[in-house]
Amino acid sequence: MAEEKLNEIDGDSFQNTIKNVLEDFEFRDAQKEMMEYVKEAIDNSNYLMVEAGTGTGKSLAYLFPASWYVLNSNSPVVISTATIALQEQLINKEIPLINELWEEEIKAVLIKGRSNYVCLDKYYDKYNEHTLVDTKEARLLKEWFSKTNTGDWQEIEGKISTEIWQEISSNSESCLGYKCLNFKDCFVNKQKRRGANAHILITNHHLFFSDLKLKVEVGESFGILPEYECIIFDEAHHLEERALYAFGAKVQRKEILYWNYEMKRLLGGEPDFESERSLKLERQVHKLFNDLGKDHFKSYLFKEYPPSGFSELSRSLQKIAYYVEGFINREAQNPDKIENLANAFRRIQNNLDFILDTTKEDYVSWVEVNNKRNQYTLHSNPINASWHLNEYLYKNVDICILTSATLTVDDRFDYIKGKLGLEDCKSVIIPSPFDYKKQSAVFVPKNFPKPNENNYEDALIEGMLNLIEFNQGKALILFTSYRMLDYVYNELKERVNYKVLRQGQASKNEILKEFREDTYSILLATDSFREGIDVRGEALSLLMMDKLPFAVPDEPLIKARIEYLEKQGKNSFFSYSLPEAVLKLKQGFGRLIRHRNDSGIFAVFDCRIHKMPYGKVFLNSLPKCKIHDNFEQLKVD
Ligand code: SF4
């Protein structure tokens, strides 16, 4: 029986088994300990939070008991991560290793969202209309289509436009389900079938929550993931933010235009189709969405700048849905597609009404502004995800493991537990196996201007130059704003003899490659380099931050969260801004020591760490290492 067998493995047998197949495998107490906690949670059908420091080898520590579980039960395990890099690492590196440990094969499948796959029905529709035949993109697409075994957009990404892909990719609204003539060959269904036979399903947080929502709102059969009782969230510090987006509603110009185009395509041939309706909708949509961007250079809250005219758009969508429905029972060629079309207009109308209703206390309505792309999106998101997580997830899943290197603040889980509504969850900290006292030094200058003082920028440049010369480059510098990044970049370019790289000058992978290859180079970046990058060895032996990474309070969701907490009588700084900044600082620090042979300096040019009472929360949250507050002392040590 599964339970008896589960009791047979322990941390030692796990590491011994790996050592048998992987000669250079290093025994790690931290990994063994984590594996035993995960196994215990699985054995007892429990929930568990594990903060595992860098170098623990946490993915193997959960994969081993997870694979044991799936081999001894009839139920799969879902593993959800925040980044593609981790999904690829699991599927390409760690699952093959796990497979060497067992006699029976562990079938693992990477599960992607529908929109990654071509919809055969749509593709054949386009192809038959010859609308793609004469363009370069169409030729590329057809050539790819004739060869693909997966139907996956990643194979052609970058070679065709997202607009063309949107026209032929799958989405749940237009899918005909079992009524589709291509149901058997459909790539989405093939993925579903692979998933149904898999032991381990690897996916991302966004897809995981969207799938959950779809199943609850539309029906089990519309989901992509099969039934499961055990879920493992890696990079769990991103869970709440992804849940807030997935459980919200949004409306974009392009989706209305897409369905309007579909209406013309499906009904345009009907003798009494009124094309004026479609034209009117198109004009209305362009006008309203263009107005959203007028005089706005960044995202904003509805309550500050209420957008106008969208109630009329809601009425137009309602009328169009009703009008389209009228074609279903005529002898139209595609009644199912017409029904889907009407449903799509209704769904957009419902989402729009939901967003326009600003009386909902726990939600915030806002406009996302992307002037570069002339793209403006209406959103309504819950401010707190715990209710949704309880209703949709926790009530239905027996075993849940949440792990990350950054879950605690001041060695406590209270903040993350509160955010996720898991106050009673068992939680453990597995310290990193690295010897941070020997391998790293923290430098926070004490006699230094505060970030809001006039002489801060000059002092910052001098402070950074000192450290760069001392370390001979080999530095990553993380900024809280592009303005400061630009300023420091321009200064360093003129004043140091090392190559200075900056985020945005090439793709992230290309920049990192250059940074690794030119050991002495210096890389300047913002938040997207704060986590998920792995540069081992000397090339990253100095990590600097300009100031404490407090979030900008005028970002709509942050502003809404702060107001919400204040309304509840809470101190938003201590209950939100501070813990968020601490987690970001920890993520940044995590870039420095990636291996037991690495060593380096972590510097933060923000004297508030010494001067403000909350400063010690930052220091207490970092691994234990020596703190220096002046440069001379750092040099001597
Ligand atoms: S089943 Fe749905 S996604 Fe698949 S080909 Fe048919 S319509 Fe497209």
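Gln31, Met34, Met35, Val38, Lys39 and Ile42 of helix 3 are in contact (heavy atoms within 4.5 Å) with Lys58, Leu60, Ala61, Tyr62, Phe64, Pro65, Ala66 and Tyr69 of helix 4. The residues of this contact split into eleven nonpolar, one polar and two charged, where Ala, Val, Leu, Ile, Met, Phe, Trp, Tyr, Cys and Pro count as nonpolar, Asp, Glu, Lys and Arg as charged, and the others, Gly among them, as polar. The model is predicted, so to speak of local features takes a pLDDT of at least 70, and side-chain atom pairs count only at pLDDT 80 or more, while totals for chains, interfaces and linings use all residues. Residues are numbered from 1 along each chain as its sequence is written, and side-chain values use heavy atoms, with hydrogens and water left out.

Two packed helices are described by the angle between their axes and the distance between the axes. For helix 3 (residues 29-43) and helix 4 (residues 58-71), the axes come within 8 Å and cross at roughly 35°. Axes here are lines fitted to C-alpha atoms, for helices over the stretch in contact, with angles running from 0 to 180 degrees between N-to-C directions. Helices (H or I, at least four residues) and strands (E, at least two) are DSSP runs, numbered from the N terminus. The crossing is right-handed, that is, the near helix is turned clockwise from the far one by less than a right angle.

Over in helix 15 (residues 335-356) sits lysine 337. Lysine 337 is buried, at 14% relative accessible area; buried means under 20%, exposed over 50% and partly exposed in between (1.4 Å probe, protein chains only). Setting aside neighbours within four places in sequence, lysine 337 contacts Asp121, Asp125, Leu176 and Leu266. With aspartate 125 there is a side-chain to side-chain polar contact at 3.2 Å, a polar contact being a pair of N or O atoms within 3.5 Å; within protein, one must be able to donate a hydrogen and the other to accept it, and residues adjacent in sequence count only if both atoms are side-chain atoms.

Alanine 385, in the loop between strand 9 (375-382) and helix 16 (386-394), is buried too, with a relative accessible area of 0%. Not counting residues up to four places away in sequence, alanine 385 touches Glu240, Ala243 and Leu244.

Serine 45, in the loop between helix 3 and strand 1 (47-52), has a positive phi near 50° without being a glycine.
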